[in-house]
Amino acid sequence: MIAPPGSTHASMAELNRSRIIQLLHRDGICSRAHIARKLDLTPAAITKITAQLIDMGVVSETGNLDGIKKRRSIGLQLNESKYRVIAVKFARSLAQIGVFDLGGNLESMQTLPPVRNDTIRETCDDIKTRIRSILDKDDSIVAIGMAVPGPYLRDEGRTAVVTSMLGWRNVNFIEEFSAEFRVPVFIEQDARAGALAQALFNPEATSRNLGYYLIGEGVGLGLMDHGELLNGELGAATEIGHISIDAAGKPCECGNVGCLENYCSAVAFHGMVAESGLVPGSESMHHAEACRAAFSLARNGDPEALALIRDVSTYIGYGCVTIINAFNPKQIIIGDIMAEAGEPMLERVRDIVAQRVIPVLDRTTEIMLSDLPVDATLNGAAAVAAAQFLEHPSEFVEQTEGM
């Protein structure tokens with residue numbers, strides 16, 4: 001591989017280390033010959049670099065593999081379980097902390113008490129205390145990833161607007177958390193983090209052009225375009241939740257009217273459930289609890305619950321139409337609370353898309369539900385941290401050796 005102009009030997013060496021461990025992360029156990037072919041590196045270079053990675057403890061050898069012409073070769077694998085990351089999910093009324101290995105496997109999770117506008121300060125302090133406790137007990141943790149509601153202004157460190165929970169606007173996540181711990185903190189908008197989780201951890205997410213359509217307490221979109229996250233000037237690109245679907249519709253706290261999230265978020269669906277009287281006592285439930293109660297009724301064939309899901313899914317479908325026409329992803333993966341409505345929701349969404357999208361775009365866009373074993377936003381927070389390790393392995397190994 002030819003070094004680009006201005007690159008140093010050290011930077012090229014780190015780039016190639018990163019390329020190898022990302023390949024092992026994606027493909028699993030590989031032979032050195034397979035790595036050389038996939039990355040267009042010489043066998044001598046692969047031998048040298050993999051020896052370094054083995055010495056660092058990032059990669060280890062496995063048993064023999066069948067190679068070309070039935071030659072035996074030694075397999076290499078990424079030591080995913082040796083290094084861990086902490087993931088933090090911030091939603092409007094929900095905060096969670098998880099510990100994951102580099103493969104996206106959840107090892108532990110804590111759900112904090114429900115968040116209110118007047119307890120946001122307490123929640124931030126509680127998160128710091130819990131993270132410090134985890135770090136004190138586990139030297140293998142190399143980074144912390146945080147997924148926060150959008151639109152997140154990445155350079156400023158704050159969310160521009162969080163509908164129904166205005167207090168989050170006053171939190172500067174960079175100032176609040178970046179210098180608090182012995183390991184680095186990486187912060188990303190929640191839907192964008194979810195898209196990264198799909199790309200890193202979901203074997204069904206096979207395209208480099210995919211959209212993660214988050215429909216939880218808010219509505220957001222994370223987009224991978226040819227394998228790269230689409231960010232925008234301020235980090236606030238793809239805010240699908242604040243695209244107007246009704247010019248004369250419901251006013252939104254963002255200043256627009258008819259915003260998508262006012263019609264199909266978990267907050268909106270909770271309101272529909274409460275107004276219908278479908279779930280007794282739903283007015284006093286948390287959003288996820290009320291939604292899941294209605295989904296349970298639908299799974300048991302309740303016609304009113306199924307009708308409500310059909311109504312809200314129509315608007316989810318309108319969002320998919322916009323995503324397809326604006327960004328043309330190969331895959332749209334729907335996740336978070338509303339994805340738990342399952343097949344009745346997905347069927348209605350696909351029907352709406354078939355009715356309203358150019359046939360060739362409809363045929364070539366796969367719409368599915370996220371099947372990650374953990375909430376994609378929490379998993380996304382882990383992916384934000386894990387991706388940094390995969391891109392800069394030497395920095396993190398040096399960090400752990402220096403502790």
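This is a predicted model: local features need pLDDT of at least 70, side-chain atom pairs count only at pLDDT 80 or more; totals for chains, interfaces and linings use all residues.
**Cores**

I then turned to the largest nonpolar core, which has 53 residues, and there Ile-35 and Val-58 touch the most other members. Helix H13 (residues 376-391) gives the most to this core, with eleven residues. A second, separate core has 40 residues, among them Phe-295, Leu-308, Val-312 and Val-349. For both entries I used the term nonpolar core for a set of buried Ala, Val, Leu, Ile, Met, Phe, Trp, Tyr and Cys residues joined through side-chain atoms within 4.5 Å, with buried meaning under 20% relative accessible area, exposed over 50% and partly exposed in between (1.4 Å probe, protein chains only). Helices (H or I, at least four residues) and strands (E, at least two) are DSSP runs, numbered from the N terminus. In soluble globular proteins, nonpolar side chains tend to be buried together.

**Helix pairs**

I followed H13 to its contact with helix H6 (residues 190-201), and found that the two axes come within 7 Å and cross at roughly 70 degrees; axes are lines fitted to C-alpha atoms, for helices over the stretch in contact, and angles run from 0 to 180 degrees between N-to-C directions. H6 and H13 are therefore roughly perpendicular to each other, a term that covers 65 to 115 degrees. On the H6 side the contact includes Ala-193, Leu-196 and Phe-201, and on the H13 side it includes Gly-380, Ala-383 and Leu-390. By class, this contact of H6 with H13 has 13 nonpolar, five polar and one charged residue (Ala, Val, Leu, Ile, Met, Phe, Trp, Tyr, Cys and Pro count as nonpolar, Asp, Glu, Lys and Arg as charged, and the others, Gly among them, as polar).

Next I looked at helix H9 (residues 287-299) and helix H10 (residues 303-327), whose axes come within 7 Å and cross at roughly 115 degrees. Here Ala-294, Phe-295, Leu-297 and Ala-298 of H9 meet Ala-305, Leu-306 and Ile-309 of H10, and the contact has seven nonpolar, no polar and no charged residues.

Is Ala-294 buried or exposed? I found Ala-294 buried, with a relative accessible area of 0%, and touching Phe-269, Val-273, Leu-278, Val-279 and Ala-305, not counting residues up to four places away in sequence.

**Backbone entries**

Most residues other than glycine have a negative phi, and most peptide bonds are trans. I noted a cis peptide bond between Gly-150 and Pro-151, with omega about 0 degrees; Pro-151 is in the loop between strand E7 (141-148) and strand E8 (152-153). His-226 has a positive phi near 55 degrees, and it counts as exposed at 53% relative accessibility. Asp-336 has a positive phi of about 85 degrees, but Asp-336 counts as buried at 12% relative accessibility.

Definitions and conventions. Residues are numbered from 1 along each chain as its sequence is written. Side-chain values use heavy atoms; hydrogens and water are left out. Angles under 35 degrees count as roughly parallel, over 145 as roughly antiparallel, 65 to 115 as roughly perpendicular and the rest as oblique. Contact means heavy atoms within 4.5 Å.
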